[in-house]
Amino acid sequence: MTETDTGKTRSPEFRLAMGALHGMRQDLFHDAFAYRPLKPMRTDGPITRRLPGRIRENAAWTPHVLITACALLVMFVGLTDQGSLFGFLPAIPVLLTMVRPVGALWLSLGVSAVLGALTYDEWPWGAASFLGYLAVLTVAAIRTRPRTGAYMWALTAAYAFCMEILFNRGYGTGGASVSVMMLFLSALVLLTVTVLHVRREAEQEVAAQQSVTAVERDRRTLLEERTTIARELHDVVAHHMSVVAIQAEAAPYRVENPPPELEQAFVTIRENAVAALTELRRVLGVVRAEDYEAPDAPQPTLADLDGLLGNVRDAGLTVEKTITGSVRTLPQGVELSAYRIVQEALSNALRHAPGSTARVEISYVLGGLGLRIVNTPPRGLVKPSPGSGHGITGMRERVTMLNGEMTADLLEDGGYEVAAFIPVAAVRDGDAS
């Protein structure tokens, strides 16, 4: 029980009835003649998407064609049954459902009453009126909400009852059976349409939830990849900053009688290195999980590539390695990223091209490092495994982080190629120490 503004109590039943009356007034009266043109249907369904291009475009107008065909059928039945020009009237509301579905229902009721009065047909529906009204009710229910469909059935029952009481006694005794048949068929139609509405809404909700889940999964995978890169970046940079701090602290002892200015310069370098290291650990350290522990072994480099290729061969992928140029030690970040790129490219070949062969080309050039990983099309009976596509994204981020360039494309023969170039600044002999 709730209190209203006037101090009177209103029961839940009363409020439910008032809500139903308000909804009926809104759906059947206030918005009855709202202009709602029937839009072409989508052509990406399981059947229409297999049709040729021009036929698929025309298939979008299938609902309009079906409604028009139904109107023609109703008009044919009316002209045959009535034997007069008034037989075409029940077809008009059927066509009106394409622009004003609820208004067409009211018009169909009016047409049935007019035809009954003019032709002394069975009340409240003759053959053409019966068929036309059932068609209008079906289309209107499809184009509106299930609640509106229930209101339309209640309106149909009220109309049949009133016509039976007021007029049927003067025109014959067949109206009751016709009304019962109409109420039964209309209830069956509305129940079917309601089930379809509920199923469609459930499918849309599931599709929306799957879309949200896919977006969240993609975002989580991307964040995990970035977190991994940030951890590796932290390890690499922290190592080099620690080396700078230690060398700056030990440098004055390597020079006999260093001037005070030089000692102060090294002190400043060490202080800046320690401050930068502290800030780096504070900022990048937040990406570490509480249970994350730094690996005891050093991060992999291109020197460890043979072990990776051996593991890949054991997994069933035939792979060859080619090295061109003068092999030299590269910065740790470049070595690690190059190793990870080769690792991810070969993993993709294992997943997406089972039974193929791969080739890894490493080029040491003057301006940097070139990588090229190529695999042939899949062969054999093993089906490729689906992937999320984040491996390519992770490789691109690694290359972009080092100001490099990367391409990943399908080849004409059905294979796949990953090519990357990572620039590396030339290191002079005096800087190497």
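**Figure 1. Strand 4 pairs with strand 5 in the antiparallel sense over 8 bridges.** The model is predicted: local features need pLDDT of at least 70, side-chain atom pairs count only at pLDDT 80 or more, and totals for chains, interfaces and linings use all residues. Residues are numbered from 1 along each chain as its sequence is written, and side-chain values use heavy atoms, with hydrogens and water left out. Two strands pair if DSSP finds at least two bridges between them. Helices (H or I, at least four residues) and strands (E, at least two) are DSSP runs, numbered from the N terminus. A hairpin of 2 residues links strand 4 to strand 5. Ser363 faces Gly370 of strand 5 across the pairing, standing opposite that residue.

**Figure 2. Strand 5 (residues 368-375) also pairs with strand 7 (residues 416-423).** The sense is antiparallel, over 8 bridges. Gly368 stands opposite Pro423 in strand 7. Arg372 stands opposite Ala419 in strand 7. Buried means under 20% relative accessible area, exposed over 50%, and partly exposed in between (1.4 Å probe, protein chains only).

**Figure 3. The open sheet has 5 strands in the order 3-4-5-7-6.** Its pairing is mixed. Strand 3 (318-325) and strand 6 (405-410) stand at the edges with a single partner strand each, so one side of each has no neighbour in the sheet. On average, neighbouring strands of this sheet are turned by 10 degrees against each other, direction ignored. Axes are lines fitted to C-alpha atoms, for helices over the stretch in contact, and angles run from 0 to 180 degrees between N-to-C directions.

**Figure 4. Helix 11 (residues 305-314) packs on the sheet.** This helix touches strand 3 and strand 4 (357-365). The direction of helix 11 makes about 160 degrees with that of strand 3. Helix 12 (residues 332-352) packs on the sheet too, touching strand 3, strand 4, strand 5 and strand 7. The direction of helix 12 makes about 10 degrees with that of strand 5. Contact means heavy atoms within 4.5 Å.

**Figure 5. Ser356 lies in the loop between helix 12 and strand 4.** At 1% relative accessibility, Ser356 counts as buried. A polar atom of its side chain lies 2.7 Å from the backbone oxygen of Ala353. Leaving out residues up to four places away in sequence, Ser356 touches Leu317, Thr318, Ala349, Asn375, Thr376, Pro377, Pro378 and Arg379.

**Figure 6. Helix 1 (residues 12-30) has 19 residues.** At 1.5 Å a residue, helix 1 should span 27 Å; its end C-alpha atoms are 25 Å apart, which agrees. The expected span is 1.5 Å times one less than the number of residues. Gly23, Asp27 and Leu28 are buried in helix 1. They cover an arc of only 100 degrees around the axis, which puts them on the same side of helix 1. The arc is that of the directions from the helix axis to the C-beta atoms. On the other side of helix 1, Phe29 and His30 are exposed.

**Figure 7. Helix 6 (residues 127-143) has 17 residues.** Helix 6 reaches 25 Å from its first C-alpha to its last, close to the 24 Å expected at 1.5 Å a residue. Of its 17 residues, 13 are buried, so helix 6 is largely enclosed by the rest of the structure.

How values were computed:
A polar contact is a pair of N or O atoms within 3.5 Å; within protein, one must be able to donate a hydrogen and the other to accept it, and residues adjacent in sequence count only if both atoms are side-chain atoms.
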